[in-house]
Amino acid sequence: MKRAYPIILSKGSSDRYVVYIPDFRINTEGVGANKAVEMARDAIGIVGIDMEDGNEKLPEPALHAGT
């Protein structure tokens, strides 16, 4: 099953962007917005696999923006 998790993308220093993924309480970053979003996808995948390996339930995607 595919899920879409919201992210918070913030401009960092120079051309770096910081991404916070609230549902997993993790941060990542990348050079440029596109790379930062790609890194967020990777982070969600890695943490998700780790959670599944530990028999933990993945969080339900929350609606953070506009609620």
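So, where is Ser14 found? Ser14 sits in the loop between β1 (8-11) and β2, and I'll come back to it in a minute.

What we have here is a predicted model, so local features need pLDDT of at least 70 and side-chain atom pairs count only at pLDDT 80 or more, while totals for chains, interfaces and linings use all residues. Residues are numbered from 1 along each chain as its sequence is written, and side-chain values use heavy atoms, with hydrogens and water left out.

Okay, the overall layout. The protein has 1 helix and 3 strands, and going from the N terminus the order is β-β-β-α. The C-alpha atoms fill a box of roughly 40 × 30 × 20 Å along the principal axes. Of the 67 residues, 24% count as buried. Buried means under 20% relative accessible area, exposed means over 50%, and partly exposed is in between, with a 1.4 Å probe and protein chains only.

Let's start on the inside, with Val19. That residue is in strand β2, and Val19 counts as buried because its relative accessible area is 0%. Val19 and Val37 are 18 residues apart in sequence, and their C-alpha atoms are 7.3 Å apart in space.

Now one I'd like you to look at on the screen: Asp23. You'll find Asp23 in the loop between β2 (16-21) and β3 (26-31). Asp23 is buried, yet has no salt bridge. For a salt bridge, we ask for a side-chain nitrogen of Lys or Arg within 4 Å of a carboxyl oxygen of Asp or Glu. The nearest side chain of opposite charge is Arg25, and that one is 8.4 Å away. On charges, Lys and Arg count as positive, Asp and Glu as negative, and His and the chain ends are not counted. So what lies 3.3 Å from a polar atom of the Asp23 side chain? It's the backbone nitrogen of Ala62.

On to the salt bridges themselves. The structure holds 3 of them.

One is Glu60 with Arg3, where the closest N and O atoms are 3.8 Å apart. Glu60 is in the segment after α1 and Arg3 in the segment before β1, so this pair ties together parts that are 57 residues apart in sequence. Glu60 is exposed, at 52% relative accessible area, while Arg3 is partly exposed at 31%.

Another joins Arg16 and Glu29, at 3.2 Å from N to O. This pair also links distant parts of the chain, with Arg16 in strand β2 and Glu29 in strand β3, 13 residues apart. Arg16 is partly exposed at 30%, and Glu29 is partly exposed at 38%.

Then there's Glu38 with Lys35, at 3.3 Å from N to O. Why are Glu38 and Lys35 separated by about one helical turn? Because they are 3 residues apart in helix α1. Glu38 is partly exposed at 36%, and Lys35 is partly exposed at 37%.

Next, the surface. Which residues form the negative patch? They are Asp50, Glu52, Asp53 and Glu56. A patch takes residues with over 30% relative accessible area and no salt bridge, joining like charges within 9 Å and nonpolar side chains (Val, Leu, Ile, Met, Phe, Trp, Tyr) within 5 Å. The charge is placed at NZ of Lys, CZ of Arg, CG of Asp or CD of Glu. Glu56 is in the segment after α1 (33-53), and at 46% relative accessibility Glu56 counts as partly exposed.

Most residues other than glycine have a negative phi. Ser14, though, has a positive phi of about 55° and is not a glycine. Asn55 is not a glycine either, and its phi is positive too, at about 60°. As for where Asn55 sits, that's the segment after α1.

That's my tour, thanks.

Note on methods. Helix = DSSP H or I, 4+ residues; strand = E, 2+ residues; numbered from the N terminus. Polar contact = N/O pair within 3.5 Å; in protein donor to acceptor, adjacent residues only side chain to side chain. Areas by Shrake-Rupley, 256 points an atom, 1.4 Å probe, with all protein chains shown as cover.
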